[in-house]
Amino acid sequence: ENHVVFINKNTSDDHNTELFEIDVNGGEAKKLCSIPLSINEISVLNDTYYLAQAAIDVTCPDYHALSDADKAARRKYEKENADYQILDEYPYCFNGAGFINHQRSQLFLVHKETFDITAICPVFANVETFDVSPDRTRILYSAQIYTTFMGKWPQVYCYDLQSGRTDTLYDGTAMQIQRVFWYNGQPVVLGTFAMAYGAMENSKFYRLKDNAMSLWIDFDGGLYASVGSDCRYGHGKSFFNDNGKPYIISADNSAICLYTIENDAMVKVIGEEGTIDDFAIGVDSVLVVGMYDSRLQEIYEAKDGVLMQKTRLNETVLQDCYVAKPKRIILKKIPFDIDGWVLEPMDFDPGKSYPAILDIHGGPKCLYGECFYHEMQLWASKGYVVFFCNPRGGDGKGNSFADLRRNFGIIDYEDLMQFTDLVLDLYPCIDRKRVAVTGGSYGGYMTNWIVGHTDRFCCAATQRSISNWITQVTASDYGIDFAVEQQFDDIYNCAEELWSCSPLKFANNVKTPLLFIHAFEDYR
């Protein structure tokens with residue numbers, strides 16, 4: 001009601017989590033307790049318990065239950081052995097998180113008064129998603145239980161608070177599960193069997209009963225926020241179950257939209273061009289954190305089909321800046337049109353000559369939209385024509401559009417070069433001798449690929465890129481997933497296939513001046 005309970009991250013103790021509470025009417029935050037868990041998420045479960053998702057080390061899974069002396073001994077042991085890592089699991093590291101060997105994400109009940117802790121998962125389980133039943137008596141979760149190798153196929157479990165019993169609802173090894181949730185008192189799974197389009201296939205809605213999945217809603221869209229921007233603060237949600245009514249975000253062409261389920265079908269709640277970075281469900285409206293009309297993040301309210309801006313928190317940031325409005329350009333082709341945009345430079349004069357930059361998004365199953373992108377706006381303000389598009393392989397147009405299996409560097413390269421040609425035809429003011437190319441992650445991969453196959457660009461900057469799929473598969477946190485996704489016949493003997501789509505194979509062809517930007521701690 002009148003208080004917010006939050007996690008204090010300003011501590012160096014990885015074994016304990018401090019909870020603070022603050023009155024919404026003002027005053028200082030007060031420490032509520034210290035819980036001997038490394039908590040990532042915590043919420044009120046019922047009148048008795050909090051539900052916490054926390055990371056554990058499987059070599060000491062019951063750290064929270066140890067005596068003070070044994071906890072001190074464990075911390076001493078870890079400090080004395082901190083100079084090396086034993087890597088005997090897959091995955092052993094993760095991008096942005098560092099080494100994760102022996103770590104698992106698990107669920108715990110935390111008593112609201114005594115702060116006693118009850119683990120509800122098996123020791124080697126790694127929980128991926130979970131949902132609490134509307135009556136607050138059952139916890140549905142998907143998890144993989146593994147000791148050395150984590151695959152792509154979680155199981156589904158249900159924990160009953162009254163009995164303390166865990167039931168296995170689905171023990172299959174053939175479905176990639178993106179999310180589990182309750183709907184009308186029954187478990188629903190958002191997942192894919194990856195039979196038609198491989199491991200990157202979009203998830204569909206399945207009803208789970210008697211250890212079997214039955215297709216419920218066939219929705220051909222990626223159910224996550226895939227429109228890129230370098231101006232987001234924090235991490236928002238892509239799903240929320242509002243007392244049994246689910247809300248889900250998904251890309252529709254170049255917009256991130258909000259959907260709900262009504263009458264066994266997906267119904268669009270918010271569909272304006274822009275992004276939804278977080279949302280909250282009210283009594284008769286929806287609040288979203290989004291980027292619309294080339295603005296930075298603001299809070300908007302959607303009510304009766306109308307989206308209204310409610311805050312002006314970031315307007316002063318851009319009030320003295322030039323902000324280029326993206327101009328949509330569509331490359332007409334079969335089987336898919338390619339959506340793209342141009343940012344015209346400040347004081348644009350078609351009679352003058354301009355340098356230009358092609359920017360390529362990451363993913364590849366991401367996309368560009370019409371939201372604010374600082375990097376590209378900076379270039380436009382400095383006199384560049386900036387152009388970008390969504391080649392095949394990205395999100396927003398269904399599985400067939402996103403399918404890049406065995407086509408890396410082929411159909412996506414074709415789309416990018418044809419879009420470049422279109423922009424140059426529409427903007428004769430662009431100096432064709434001063435066109436550059438850049439991109440990050442998958443965009444860096446494509447930058448590497450492009451300069452190995454053409455010298456049409458005057459220079460290039462490849463950011464956090466992939467150049468060699470062989471070392472990518474054998475040494476990165478991404479591991480063998482790429483070989484699995486490409487559906488190579490033999491993922492343990494596929495060096496020839498991996499090398500054929502590696503930009504490094506074509507490095508001797510490169511004539512374009514190339515800048516590499518990469519970070520030491522980029523494990524991907």
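**Strand pairing and one buried methionine**

Good morning. Four strands of this structure make up an open sheet, ordered S4-S5-S8-S9, with antiparallel pairing. Please bear in mind that the model is a predicted one. At the edges of the sheet stand strand S4 (38-44) and strand S9 (117-119); each has a single partner strand, so one side of each is left without a neighbour in the sheet. From one strand to the next, the twist averages 30 degrees.

Let me turn to the pairing of S9. Its partner is strand S8, residues 103-111, and the two run in the antiparallel sense over three bridges. Within this pair, Leu109 has Thr118 in S9 as its bridge partner.

A second pairing involves strand S2 (residues 17-23) and strand S3 (residues 30-35), which are antiparallel over five bridges. Here Phe20 is bridged to Lys31 in S3. Six residues lie between S2 and S3 in this hairpin, and Gly26, in the turn, has a positive phi of about 125 degrees.

Finally, I come to Met266, which belongs to strand S21, residues 265-270. Is Met266 buried or exposed? Its relative accessible area is 16%, and the cut-off for burial is under 20%, so Met266 counts as buried. Leaving aside residues up to four places away in sequence, Met266 touches Phe205, Ile217, Phe219, Leu223, Ile248, Tyr259, Thr260 and Ile261. As for Phe219, 47 residues separate it from Met266 in sequence, yet the C-alpha to C-alpha distance is 7.6 Å.

Thank you for your attention.

Conventions. Residues are numbered from 1 along each chain as its sequence is written. This is a predicted model: local features need pLDDT of at least 70, side-chain atom pairs count only at pLDDT 80 or more; totals for chains, interfaces and linings use all residues. Side-chain values use heavy atoms; hydrogens and water are left out. Two strands pair if DSSP finds at least two bridges between them. Axes are lines fitted to C-alpha atoms, for helices over the stretch in contact, and angles run from 0 to 180 degrees between N-to-C directions. Buried means under 20% relative accessible area, exposed over 50%, partly exposed in between (1.4 Å probe, protein chains only). Contact means heavy atoms within 4.5 Å.
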